[in-house]
Amino acid sequence: MSSFWVYFAARPLFWIIVTIATFLFSSWLNRRVGGTPLLHPVLVALSLIIVFLQLTGTDYDTYFSGAQFIHFLLGPATVALAVPLYDHFERVKKMLLPLLIACLCGAVTASASVILVAWALGASEGTLLSLAPKSVTSPIAIGIAEKIGGYPSLAAGLVLITGAIGCLTAPSLFRLLKIEDDAVKGFALGLSSHGFGTAYAFEFSTLAGAFAGLAMGMTGLLTAFLVPVLVRMLGLG
Amino acid sequence: MLIGLMLLLLCQLLGEWVVLALGLPVPGPVLGMVLLLVGLVIKRRVPDLIRLPSEGLLRHLALLFVPAGVGLMVHAELIAAEWLIIMIALVVSTVVTILVTALVLKRLTRKLDLGATEERR
């Protein structure tokens, strides 16, 4: 029986199905409790999968050998963001300069504030360097963390937690600031919470989703250049 | 559908090549997104064969983050030691980032008065 289990657990297919099934269950659960970002399907799914891996004594590499086929789709999905972006291209064109300025302010704030707060609280250097790219979409964050000497896989996880925090806090922040324009909402979500925020913004409207996708792309580009400079300025790495 | 999926992958591949050739610090898919956007602007519309696979992928964007997220388990020890610092830093920074971004953009676009076309799903 145990060799049977090993055989199946080693098959990539098994981990693909585990990932999709767990995600479907988490989505169903999330709808049942009224769609709160606190029980965001991604967070619930990854917690359940981690528990399952530990119960079965499976290491992350084995899981990822199957799950990488889902992970791989992040690439074409990122490219696909061009479609909603094009649908709202006229509005983007009119707002280009404000968007650039907002993106610069937001990206600097995102990296600088997280480093400063964590440093003031006494975080270790590895943690600091893995936190720096936290507002950037996972594939970019992994690259940045590698480059400046953080832990890439920790950076990827912190990016997700940031995304959930963004989705959790954004609605009340928008209410506080009396922001009604879906373009502004989407842009702030995409900048602070990357693809996670983008997926959430699509639930407001396709306009919000498009601006979130745009913010995610711009922030990714900008942060990739910005963080190495910032880290050197603060004397880390 | 299949042609569209191939075109998405092709844009990604071109993006990866350019990144590799020029040694850019940016991931290939982001550059691929820029390439596809340029293509759509030239074509002046989104052909259905690209729209269908794109919207299919984007509808399930959240699922695609799960495999990377499970990677947190590798850092259980570090997280156990510094989880409070990490959470405080992330919450403070994320809230400040949203506030700054939304306020700057709101302030800058108010003057433009753009007759927003809100499109609800």
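**View 1. A:Phe187 and the residues around it.** Skip the neighbours within four places in sequence, and A:Phe187 still touches A:Leu99, A:Ala102, A:Phe211, A:Ala212, A:Ala215, B:Thr101 and B:Leu105. Two residues are in contact here if their C-beta atoms, placed from the backbone, lie within 7 Å. Keep in mind that this is a predicted model: local features need pLDDT of at least 70, side-chain atom pairs count only at pLDDT 80 or more, and totals for chains, interfaces and linings use all residues. As for the names, residues are numbered from 1 along each chain as its sequence is written, while chains are lettered from A and ligands numbered from 1 in the order in which they are written.

**View 2. Where α8(A) meets α12(A).** Helix α8 (residues 96-120) and helix α12 (residues 182-201) of chain A pack at an angle of about 35 degrees, with their axes 10 Å apart. Helices (H or I, at least four residues) and strands (E, at least two) are DSSP runs, numbered from the N terminus. The axes are lines fitted to C-alpha atoms, for helices over the stretch in contact, and angles run from 0 to 180 degrees between N-to-C directions. On the α12(A) side you'll find A:Phe187, A:Leu191 and A:Ser192; they meet A:Leu99, A:Ala102, A:Cys103, A:Gly106, A:Ala107 and A:Ala110 of α8(A). Sort the residues of this contact by class and you get 7 nonpolar, 2 polar and no charged. Here Ala, Val, Leu, Ile, Met, Phe, Trp, Tyr, Cys and Pro count as nonpolar, Asp, Glu, Lys and Arg as charged, and the others, Gly among them, as polar.

**View 3. The largest nonpolar core.** This core has 111 residues, and A:Ala82, A:Ala132 and A:Phe187 touch the most other members. Helix α13 (residues 206-233) of chain A gives the largest share, 15 residues. A nonpolar core is a set of buried Ala, Val, Leu, Ile, Met, Phe, Trp, Tyr and Cys residues joined through C-beta atoms within 7 Å. A residue is buried if 20 or more other C-beta atoms lie within 10 Å of its own, exposed if 12 or fewer, and partly exposed in between, with C-beta atoms placed from the backbone.

**View 4. A:Ile142 in its helix.** Look for A:Ile142 in helix α10 (residues 138-148) of chain A. A:Ile142 is buried, because 23 other C-beta atoms lie within 10 Å. Leaving out its neighbours within four places in sequence, A:Ile142 is in contact with A:Pro152, A:Ala155 and A:Ala156. A:Ser111 is 31 residues from A:Ile142 in sequence, and their C-alpha atoms are 15 Å apart in space.

**View 5. Chain B against chain A.** This contact takes 97 residues from chain A and 68 residues from chain B. On the chain B side, the elements giving two or more residues are α1 (2-22), α2 (28-43), α3 (48-59), α4 (66-70) and α5 (76-110). α5(B) gives the most, with 25 residues. By class, that side has 50 nonpolar, 11 polar and 7 charged residues.

View 6. Chain A has 13 helices and 0 strands, and chain B comes to 5 helices and 0 strands. Buried residues make up 55% of the 237 residues in chain A, and 41% of the 121 residues in chain B count as buried.
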